[in-house]
Amino acid sequence: MALDQARAAFWNTGYAATSLDDLSAATGLNRPSLYGAFGDKKAMYIQALEKSRAEISASLAAAFAPEDHLRTALTRVYEATAAIYMRGDAGPRGCFLIGTAVTEAVDDPDVRGLLAGALSEIDAAFEGRIRRAMEVGNLPGSSDASGMARVATGVLNGMAVRARAGGDLATLRAMGASVVDLICGRAGR
């Protein structure tokens, strides 16, 4: 629970702008208790990033049910993601990883490695699901599964940025629908 509260504070203002006082207020823990529970501020942030990474992986695994048509699975992912990205106590926050780790990754190799690993895992989840669709004939066998996966991930990241910049749910949903059409073709609608 305290980690979720700390993550919410980081999510709203980013790692650098979130003070220990902000984290204390968000979690209800004083500084000694924060240090006892998490170590330092960076360790708390890394734990929040790792939790988000695990949640994303689990969500994609659940959404990419192999028995569903690829269009259904992709639509499920983009619809759910759009709804998540529009949440936030201070307004739409987008994705925790994209909204906070991208800026920290420039100077912090730990954050850069965690972000790169998360993006690779997301790419791999999309690629695996696209390859399964190719095997069952939902997509041509000559499709570029790896390229499609990177585009699919890129659209998720773009949706996160647009949400954080004040985009609306309809825009995010339209982005998701467009990439589903791009990958699956409009004819399969």
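**Close-up views of a predicted model**

**View 1. Thr-81, a buried residue.** Thr-81 counts as buried because its relative accessibility is 12% (buried means under 20% relative accessible area, with a 1.4 Å probe and protein chains only). This is a predicted model, in which local features need pLDDT of at least 70, side-chain atom pairs count only at pLDDT 80 or more, and totals for chains, interfaces and linings use all residues. Residues are numbered from 1 along each chain as its sequence is written, and side-chain values use heavy atoms, without hydrogens and water. Thr-81 sits in helix H5 (helices are DSSP runs of H or I, at least four residues, numbered from the N terminus). Beyond its neighbours within four places in sequence, Thr-81 contacts Leu-156 and Met-159 (contact means heavy atoms within 4.5 Å).

**View 2. The largest pocket.** It holds about 570 Å³ of space (a pocket is an open set of points on a 1 Å grid over the protein atoms alone where a 1.4 Å probe fits, with protein on both sides within 12 Å along at least five of seven lines; lining residues have an atom within 4 Å of a point; the volume is the space filled by probe spheres set on the points). Of its 25 lining residues, Ile-56, Ser-59, Thr-81, Ile-84 and Tyr-85 are the closest to the centre. Helices giving two or more residues to the lining include H1 (2–13), H4 (41–63) and H5 (70–85).

**View 3. Leu-74 and its contacts.** Leaving aside neighbours within four places in sequence, Leu-74 touches Phe-64, Phe-126, Val-180, Ile-183 and Cys-184.

**View 4. Confidence.** The protein averages a pLDDT of 93 (the predictor's confidence in each residue, from 0 to 100).

Methods
Buried means under 20% relative accessible area, exposed over 50%, partly exposed in between (1.4 Å probe, protein chains only).
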